[in-house]
Amino acid sequence: MLRRSHGGGTATWLSRHWRAAAGVTLVAVACILGWRLRARGPDAVVAHDPAATTTAESPAPLEAGDVLDQDIAFYEVRAAEDPYSAGDYARLALLFLERGRMRGDPDDALRAERAARSSLAARTSHNDAAASLLAASLLEQHRFIDAREIARDLAVRNPESTDYRALLAETELELGSYAAADTIFWSLQPHWRQLTVAPRVARWMEIHGRIEDARLALRTLARDAAADSYVPHSQAAWTWYRLGDFEMRYGRADAARAALDAGLRIAPDEHRLLATMARLEASSGNWSAAIALADRSIAVTPDPDVLGLLSDAHAALGDSAQSNQYARGVAALSLGTPGAIHRSWSLFWLDRREHVKVVLARAQQESRTRRDVYGDDVLAWALHTAGRDAEAKVTIERALARGVRDPSVLFHAGMIELALGNGDDARRHLEAAVSINPRFHPVQARVASTLVDSLKRAVVAP
């Protein structure tokens with residue numbers, strides 16, 4: 001996510017909003033429909049009959065994305081020829097979601113939504129898989145209330161389905177309905193190791209501050225996915241990304257590097273893995289290495305998070321022109337659309353103390369319908385940046401009430417307490433942030449350490 005610098009320094013950091021939806025739902029729905037996402041390249045989805053393209057002389061292997069494009073084109077033709085084919089439209093929705101996950105193109109989530117709705121229009125009964133794909137496409141668009149309604153209907157119609165209950169639990173978690181999410185996740189305890197449940201459970205555990213339990217769940221998930229021949233390479237790589245991102249955020253750089261390396265061996269051009277490895281390099285101040293990895297990531301998809309990282313990296317190396325160019329790219333992609341700004345982009349602007357009114361207004365708007373831990377954190381930081389620290393304190397305390405131990409949230413809490421003159425509480429939060437991960441941010445971690453030392457000296461001074 002984009003993360004932060006105090007007082008306008010570097011701003012890009014770890015992607016905070018790392019939902020499980022894309023990776024989990026694709027596998028779940030494919031299993032429900034009896035479709036195997038088979039590999040015809042490193043991790044491609046093969047939709048049409050392989051025999052139809054067999055020749056005496058085999059062609060060169062296609063890239064995974066090329067195979068997806070061919071499969072999508074194939075099913076678009078089939079759907080056009082038979083607009084009442086619910087199965088073809090559902091296949092299209094699945095393929096669009098997979099391509100969107102691979103390339104990071106948000107328009108594919110919209111395409112998946114349209115295809116899923118077309119499938120449901122063609123057949124309303126006995127078509128829960130298409131409804132699940134619709135919910136997944138809405139999650140990708142951050143339309144959580146709409147996704148929850150669909151997930152509720154699915155869970156009511158299929159009360160024994162682990163997958164649909166886990167989907168509902170995820171939507172409740174995203175909306176900050178923690179009591180409802182807690183009830184569902186505990187009811188799923190016998191299935192916590194299941195591929196479609198484990199990443200969601202890990203996120204739930206993390207929000208509640210159960211870091212070791214979340215770590216174990218993600219490690220087990222990655223190993224299970226690697227050992228399961230039915231899991232496509234792209235999904236196995238995604239599980240290593242999840243583990244690597246988690247280990248990095250909680251201060252285990254060596255474990256993070258090992259997980260990310262494992263994922264990159266499976267999928268060398270996976271943009272999330274490359275971006276996370278870039279952030280890992282940046283956390284140690286290896287800016288040139290971070291730039292090289294980030295460049296590879298944005299060659300796949302121009303993610304504003306990674307553009308922000310590049311802006312920070314060039315600024316750290318003294319290249320203000322390049323830094324400003326990448327910052328303009330973040331602005332074009334993050335501020336030019338209506339609705340809520342992605343939380344990591346919000347933090348990018350808040351850390352730079354730019355567009356504060358816009359970010360604050362949108363964070364307040366989002367909080368009316370979605371009040372989860374990380375939404376409260378963004379809103380609190382926006383209020384602090386706007387000089388409204390009393391309100392920020394109430395909001396950040398609500399975020400901390402679930403037990404979250406994310407060092408960046410603790411850093412925000414410490415800075416808000418410091419602004420209010422509460423030295424003891426500021427020191428407690430800042431000390432915890434640095435203790436959990438002394439490199440949680442290349443600038444803010446140093447700020448936190450310096451402030452902790454200063455606050456300690458103030459206590460012992462005569």
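Mentor: Let's start with one term: contact means heavy atoms within 4.5 Å. Leaving aside neighbours within four places in sequence, L92 is in contact with I72, Y75, E76, A79 and A115. Bear in mind that this is a predicted model, where local features need pLDDT of at least 70, side-chain atom pairs count only at pLDDT 80 or more, and totals for chains, interfaces and linings use all residues. Residues are numbered from 1 along each chain as its sequence is written, and side-chain values use heavy atoms, with hydrogens and water left out.

Trainee: What does the secondary structure of the protein chain come to?

Mentor: Helices (H or I, at least four residues) and strands (E, at least two) are DSSP runs, numbered from the N terminus. Here the chain has 23 helices and 0 strands. Of its contacts with a separation of 6 or more, 61% join residues 24 or more positions apart.

Trainee: And how much of the protein chain is made up of buried residues?

Mentor: Buried means under 20% relative accessible area, exposed over 50%, and partly exposed in between (1.4 Å probe, protein chains only). Of the 462 residues in the chain, 56% are buried. Take helix α8 (residues 178–187), where Y178, A181, D182, I184 and F185 are buried. The buried residues of α8 pack against α7 (162–174), α9 (198–207) and α19 (373–385).

Trainee: Which residues touch the most other members of the largest nonpolar core?

Mentor: A nonpolar core is a set of buried Ala, Val, Leu, Ile, Met, Phe, Trp, Tyr and Cys residues joined through side-chain atoms within 4.5 Å. The largest one has 128 residues, and L92 and F411 touch the most other members. Helix α3 (residues 86–103) supplies the largest share of this core, 9 residues.

Trainee: How many salt bridges does the structure hold?

Mentor: A salt bridge is a side-chain nitrogen of Lys or Arg within 4 Å of a carboxyl oxygen of Asp or Glu. This structure holds 42 of them. In one, R111 pairs with D108, with the closest N and O atoms 2.8 Å apart. Both lie in helix α4 (residues 107–122), 3 residues apart, about one turn of the helix. R111 is partly exposed at 27% relative accessible area, while D108 is buried at 1%.

Trainee: Why do residues three or four places apart in an α-helix point the same way?

Mentor: An α-helix has 3.6 residues a turn, so residues at that spacing point the same way. There's another pair to look at: R428 and D425 meet in a salt bridge (3.1 Å, N to O). They are 3 residues apart in helix α22 (residues 423–436), so about one helical turn separates them. R428 is partly exposed at 48% relative accessibility, and D425 is partly exposed with a relative accessible area of 27%. Elsewhere, salt bridges that share partners join D69, R99, R103, D105, D108 and R111 into one network.

Trainee: What about D305, which is buried yet has no salt bridge? Which side chain of opposite charge is nearest?

Mentor: For charge, Lys and Arg count as positive and Asp and Glu as negative; His and the chain ends are not counted. D305 sits in helix α15 (residues 304–316), and the nearest side chain of opposite charge is R279, 4.2 Å away. D305 does make a polar contact with the side chain of W345 through its own side chain (2.9 Å). A polar contact is a pair of N or O atoms within 3.5 Å; within protein, one must be able to donate a hydrogen and the other to accept it, and residues adjacent in sequence count only if both atoms are side-chain atoms.
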